[in-house]
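Student: Could we go through this model together? I would like to begin with the overall fold and then turn to single residues.
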Amino acid sequence: MNADRSEATKKFEASPIHRTITVQIVSIVLAVAVTCIVLINTLPTSYLNNLVPLTIATGLSILFYLAIKYQRAVSKLIDETGLRCDHCGKSTIARPDHIQCRTVPTMNESTCYNCRQKL
């Protein structure tokens, strides 16, 4: 069971979706920042009162869309690799899209990350 779990964990960590979402988020943030700077330097204040908040709101909505897309992709990947706990139904490893401040079991242990149930 530990060999299968370590293979599934390696497959999860090697997935390109983590790298892809990071590139997409950084690109959106930089694009919004550059667009706001260009708008501020080129347009009069009367236009900026509407365009800068609209640009920021558009960037935030795109970021929310990417977050939802990433969460669905991670859930699908966890299901495909078999890293879902039979006891609690949650992920047996720390999900990168869920931030929790607690210790993570070592890779050698075969315990669920959420309910600490032996797998």
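Tutor: The discussion below concerns a predicted model, beginning with the chain and continuing with its helices and selected residues.

Student: How many helices and strands does the chain have?
Tutor: The secondary structure comes to 3 helices and 0 strands. Along the sequence, the pattern reads α-α-α.

Student: And what share of the residues is buried?
Tutor: Of the 119 residues in the chain, 25% are buried. The accessible surface of the chain is about 8200 Å², and carbon and sulfur atoms contribute 62% of that surface.

Student: Let us turn to H2. What span should that helix have, and what does the model give?
Tutor: Helix H2 covers residues 17-42, that is, 26 residues. At 1.5 Å a residue, the helix should span 38 Å. The end C-alpha atoms are 37 Å apart, so the two values agree.

Student: Which residues of H2 are buried?
Tutor: Buried residues in H2 include His18, Ile21, Cys36 and Leu39.

Student: Now Thr55. Where is it, and is it buried or exposed?
Tutor: Thr55 is located in helix H3, which comprises residues 45-81. Thr55 counts as buried because its relative accessibility is 16%, and the cut-off for buried is under 20%.

Student: Which residues does Thr55 contact, leaving aside neighbours within four places in sequence?
Tutor: Those contacts are with Val32, Thr35, Cys36 and Leu39.

Student: How far is Asp79 from Lys90?
Tutor: Their C-alpha atoms are 9.9 Å apart in space, and the two residues are separated by 11 residues in sequence.

Student: Last topic: where does Thr9 lie, and what is its relative accessibility?
Tutor: Thr9 lies in helix H1, residues 2-14. With a relative accessibility of 2%, Thr9 counts as buried.

Student: And how far is Thr9 from Ile78?
Tutor: Thr9 and Ile78 are 69 residues apart in sequence, while the C-alpha to C-alpha distance between them is 9.2 Å.

How values were computed. Residues numbered from 1 in each chain as written. Predicted model: local features only at pLDDT ≥ 70, side-chain atom pairs only at ≥ 80, totals over all residues. Heavy atoms only, no water. Helix = DSSP H or I, 4+ residues; strand = E, 2+ residues; numbered from the N terminus. Buried < 20%, exposed > 50% of the residue type's maximum accessible area, 1.4 Å probe, protein only. Contact = heavy atoms within 4.5 Å. Areas by Shrake-Rupley, 256 points an atom, 1.4 Å probe, with all protein chains shown as cover. Expected span 1.5 Å × (residues − 1).
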